[in-house]
Amino acid sequence: MKKTTGTDRSVTQNWRPATRAVRAGTWRSEHGETSEALFLTSGYTYDDAATVAARFAGDAEGMTYSRLQNPTVAMCEERIAVLEGAEACRMQATGMAAMTTALLCQLSAGDHIVGARAAFGSCRWLLDNLLPRFGIETSVVDGRDLAAWEAAIRPNTKVFFFETPANPTMDIVDLEAICALAKAHGITTVVDNAFATAALQRPLEWGADVVAYSATKLMEGQGRVLAGAVCGSQQWIDEVLLPFQRNTGPNCSPFNAWVVLKGLETLDLRARRQSANALALAKSIESRVPVMLHPGLPSHPQHDIAKKQMDDFGPIFSFVLDSRAQAHAVLDALQLVDISNNIGDSKSLMCHPASTTHANMGEEARAEMGISEGMLRINVGLEDRADVIEDLDQALKKAGL
Ligand SMILES: *Cc1c(COP(=O)(O)O)cnc(C)c1O
């Protein structure tokens with residue numbers, strides 16, 4: 001394997017983001033292939049016993065087993081790290097494997113974690129159910145409220161955990177303020193950046209320590225595979241994350257990493273076009289829906305913070321109708337947009353969180369998170385925006401709006 005300029009950080013750090021997304025991390029075999037190779041192998045062979053001994057001792061570079069290293073996964077990890085502006089990245093099998101790894105690798109019984117209340121359902125499950133079972137204390141706060149984060153800090157607080165924009169309320173967490181507060185107390189911030197991706201928002205630039213991903217979403221971009229990633233400093237990845245990952249094995253398969261690697265080549269293009277499509281759609285229906293939740297619109301309560309920390313606002317937004325029946329009527333009237341709970345896809349997809357992604361948590365927890373019965377969430381894809389706007393127009397009309 002020959003490393004290209006894409007693996008030389010002194011070169012890649014000078015590239016602009018779209019170039020990084022296409023070229024960072026590339027290695028080439030003796031065939032000189034243009035598209036990165038897919039190494040579907042679990043093991044490796046060695047020319048002699050001394051070589052393998054040196055690799056296992058850490059004295060020589062080289063792969064030993066795909067739970068520890070794989071060339072295709074390593075290419076994707078390097079590409080994600082360079083895009084994020086992170087020293088290092090490791091991939092996991094799913095976004096939830098990434099979140100679980102990012103938290104469990106650094107928390108022990110007796111530690112305390114503070115999380116934002118508006119979160120992906122399974123991220124809330126980690127805070128509400130899994131971590132307490134292992135003696136890790138958890139607090140949940142309104143992520144928009146700096147004073148609430150500060151008030152939740154205890155002497156044993158180790159981690160702040162949040163996503164921004166948050167799913168599906170579109171709450172924005174002030175990255176600079178919350179990361180500064182954490183830093184002042186020696187607390188590690190873990191930011192779930194799945195909605196925006198590094199193409200639109202780079203939390204490390206605002207002081208975050210760790211960025212965790214569902215790469216299944218906008219990063220992969222075409223709804224094909226599940227994958228996750230965790231980015232941080234080289235020291236944190238080597239000393240904190242790797243001992244956990246190498247021994248527990250939440251690894252990403254080479255095939256899925258390869259699909260994400262190819263998806264990243266179009267990330268910049270997709271993120272910008274889908275953001276523009278989403279903003280145009282939100283503007284076209286804003287006056288017809290009771291509540292519009294799009295961080296790119298001046299009507300969003302945290303529009304100024306979103307503008308400060310995001311390059312663009314992403315493909316996803318939510319809006320609230322008067323009832324579950326009305327929300328379901330809009331879904332049932334759609335002709336182009338699919339009813340689907342996935343996001344980040346190049347196809348436009350819409351869902352009703354209260355009866356799908358956030359159904360299990362119960363009505364009380366939903367109300368606390370700000371998820372009402374009439375809320376709809378849409379991921380706007382790469383179709384011609386005029387067609388999506390026309391579809392929503394006719395669906396809202398049919399639902400009496
Ligand atoms: C989808 C999602 C996850 C979970 O990712 P999977 O790849 O489905 O495991 C976590 N956080 C956010 C914000 C998500 O949107």
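Is Arg144 buried, partly exposed or exposed in terms of relative accessibility? In this predicted model, where local features need pLDDT of at least 70, side-chain atom pairs count only at pLDDT 80 or more, and totals for chains, interfaces and linings use all residues, residues are numbered from 1 along each chain as its sequence is written. Side-chain values use heavy atoms, with hydrogens and water left out. Arg144 has 39% relative accessibility and counts as partly exposed (buried is under 20% relative accessible area, exposed over 50%, partly exposed in between; 1.4 Å probe, protein chains only).

Arg144 pairs with Asp171 in a salt bridge, with 3.5 Å between the closest N and O atoms (a side-chain nitrogen of Lys or Arg within 4 Å of a carboxyl oxygen of Asp or Glu). Asp171 is buried, at 9% relative accessibility.

The count of salt bridges comes to 24. Another of them joins Arg79 to Glu265, the closest N and O atoms being 3.4 Å apart. Arg79 belongs to helix H4 (residues 71–84) and Glu265 to the loop between H10 and helix H11 (267–285), so parts 186 residues apart in sequence are tied together. Arg79 is buried at 0% relative accessible area, whereas Glu265 is partly exposed at 27%.

Terms used
Helices (H or I, at least four residues) and strands (E, at least two) are DSSP runs, numbered from the N terminus.
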